[in-house]
Amino acid sequence: DNELRRIRGPEGPPGPALLFWKNCLDTVVRRNLLIDCWRGIAFGLAPPDGLSRGGPEVGYDHQNGLAENNVILALTDRADSRIENSYALNCRVLHNTIFTATSTVSWTIEYRLPGSTVLIGNNLANRGIINRSPGEATGVETGNVTNARSGWFRNLQGGDFHLQAGSPAIDHG
């Protein structure tokens with residue numbers, strides 16, 4: 001239930017607006033609004049190390065995360081990945097709305113690096129979902145709509161991200 005705007009670096013891109021790592025457990029990220037942040041939500045970031053819960057042997061940088069019912073918009077500035085899962089075990093990315101006008105990458109949700117497992121379901125986005133580490137990361141993608149158009153929403157620029165009547169996304173996902 002937070003609103004985060006323009007989490008960016010003055011000289012370059014910062015890390016994610018919401019970062020959970022060092023073997024965080026059971027994180028719930030629900031009903032947040034992220035607007036024009038460089039990167040959005042990250043479950044995991046780097047290989048576990050001596051500062052991770054359980055030490056470097058734990059194998060994961062995050063476990064059992066849930067990103068649900070968030071709205072992530074990048075409308076005026078370039079953006080990077082919106083939701084990422086790196087060294088993340090058993091994470092769920094469900095029912096999020098993501099719209100990126102200009103991006104450095106062609107996807108909105110990603111999963112990657114050894115051992116990552118994620119369920120990505122019923123998200124509405126205007127860009128795809130990618131497994132950046134085939135053979136190392138595993139994901140189940142179900143019910144996602146990844147071809148959204150700005151005209152499907154009432155007024156994205158004005159902050160109204162609700163769907164217009166008759167939007168092709170209604171009753172999908």
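Author: The mean positions of the 16 positive and 17 negative charges of the protein are 4 Å apart. This is a predicted model, in which local features need pLDDT of at least 70 and side-chain atom pairs count only at pLDDT 80 or more, while totals for chains, interfaces and linings use all residues. Residues are numbered from 1 along each chain as its sequence is written, and side-chain values use heavy atoms, with hydrogens and water left out.

Reader: What makes a residue count as positive or negative here?

Author: Lys and Arg are positive, Asp and Glu negative, and His and the chain ends are not counted. Each charge is placed at NZ of Lys, CZ of Arg, CG of Asp or CD of Glu.

Reader: How many helices and strands does the protein have, and what makes a run count as one?

Author: The protein has 0 helices and 20 strands. Both are DSSP runs numbered from the N terminus: a helix is H or I with at least four residues, a strand is E with at least two.

Reader: Why is the protein called as compact as a globular protein of that length?

Author: Its radius of gyration is 16 Å, close to the 16 Å that the globule rule gives for 173 residues, so the description applies. The radius is taken over C-alpha atoms, and the rule is 2.2 Å times the number of residues to the power 0.38. Along the principal axes, the C-alpha atoms fill a box of roughly 50 × 35 × 25 Å.

Reader: Which strands form the open sheet, and in what order?

Author: The order is S1-S5-S9-S13-S16, with parallel pairing. Strand S1 (3-5) and strand S16 (124-125) are at the edges, each with a single partner strand, so one side of each has no neighbour in the sheet.

Reader: How do you know that S5 and S9 pair?

Author: Pairing requires that DSSP find at least two bridges between two strands. Strand S5 (residues 33-35) and strand S9 (residues 71-74) are joined by 3 bridges and run parallel, so they pair by that definition. Ile35 stands opposite Leu73 in S9.

Reader: Which strands does S12 pair with?

Author: S8 is joined to strand S12 (residues 91-94) by 3 bridges, in parallel, and S12 pairs with strand S15 (residues 117-121) over 4 bridges, also parallel. Leu94 in S12 is the bridge partner of Glu68, and Gly121 in S15 is the bridge partner of Leu94.

Reader: Is Asp26 buried or exposed?

Author: Asp26 has a relative accessible area of 51%. Buried means under 20%, exposed over 50%, and partly exposed in between (1.4 Å probe, protein chains only), so Asp26 is exposed. Asp26 sits in the loop between strand S3 (24-25) and strand S4 (28-30), with a positive phi of about 60 degrees although it is not a glycine.

Reader: Why is Tyr87 called buried?

Author: Tyr87 has 15% relative accessibility, so it counts as buried. Tyr87 lies in the loop between strand S10 (83-86) and strand S11 (88-89), and its phi is near 50 degrees, a positive value in a residue other than glycine.

Reader: What makes Asn69 partly exposed, and which residues does it touch?

Author: At 38% relative accessibility, Asn69 counts as partly exposed. Asn69 touches Arg31, Asn32, Leu94, His95 and Asn96, not counting residues up to four places away in sequence; contact means heavy atoms within 4.5 Å. Asn69 is in the loop between strand S8 (66-68) and S9.
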